[in-house]
Amino acid sequence: MTEDEMREIARLGGKEGGREGAWEVLRALGVDTEHPLEAQKDMHFLRDLRKGTSSVKVKFINTVIGAFALAGLYKIFSGVMWEP
């Protein structure tokens with residue numbers, strides 16, 4: 001057996017070991033490894049949910065800032081006497 005053949009065997013063994021390790025990690029996280037398309041759909045759903053949640057959070061913060069700005073403007077202009 002040549003050194004190149006031994007390297008090829010080691011490379012293939014490492015690839016399979018890494019693949020099995022990845023499957024074990026996914027199984028430990030509760031991912032159904034028998035149906036990878038379903039797992040992918042779940043990941044897309046979670047990403048969309050996370051993006052939607054952050055979008056709502058940004059809109060809420062903008063609304064609060066707008067309300068404070070409006071209250072401040074009201075406070076400033078309520079003291080101004082408007083004469084016709």
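Met43 sits in helix α2, which spans residues 36-78. Helices here are DSSP runs of H or I with at least four residues, strands are runs of E with at least two, and numbering starts from the N terminus. The model is predicted: local features need pLDDT of at least 70, side-chain atom pairs count only at pLDDT 80 or more, and totals for chains, interfaces and linings use all residues. Residues are numbered from 1 along each chain as its sequence is written, and side-chain values use heavy atoms, with hydrogens and water left out.

**Overall make-up**

The protein has two helices and zero strands. Of its 84 residues, 4% count as buried. Buried means under 20% relative accessible area, exposed means over 50%, and partly exposed lies in between (1.4 Å probe, protein chains only). The protein exposes about 7,800 Å², and carbon and sulfur atoms supply 67% of that area. Areas come from the Shrake-Rupley method with a 1.4 Å probe; for residues, only the protein chains shown count as cover.

**Residues of helix α2**

| Residue | Relative accessible area | Class |
|---|---|---|
| Ala39 | 13% | buried |
| Glu38 | 41% | partly exposed |
| Asp42 | 46% | partly exposed |
| Met43 | 46% | partly exposed |
| Lys41 | 52% | exposed |

**The buried position**

Ala39 is found in helix α2. Ala39 counts as buried because its relative accessible area is 13%. What does Ala39 contact, leaving aside its neighbours within four places in sequence? The partners are Val31 and Asp32. Contact means heavy atoms within 4.5 Å. Leu26 is 13 residues from Ala39 along the chain, and their C-alpha atoms are separated by 9.8 Å.

Asp42 and Val31 are 11 residues apart in sequence and 9.1 Å apart in space, C-alpha to C-alpha.

**The salt bridge**

How many salt bridges does a search of the whole structure find? The search finds one. Lys41 forms a salt bridge with Glu38, and the closest N and O atoms are 3.5 Å apart. The term requires a side-chain nitrogen of Lys or Arg within 4 Å of a carboxyl oxygen of Asp or Glu. Both residues lie in helix α2, three residues apart, about one turn of the helix.

**The nonpolar patch**

Met43, Phe45, Leu46 and Leu49 form a nonpolar patch on the surface. Together they have about 420 Å² of accessible area. Patch residues have over 30% relative accessible area and no salt bridge; like charges are joined within 9 Å, and nonpolar side chains (Val, Leu, Ile, Met, Phe, Trp, Tyr) within 5 Å.
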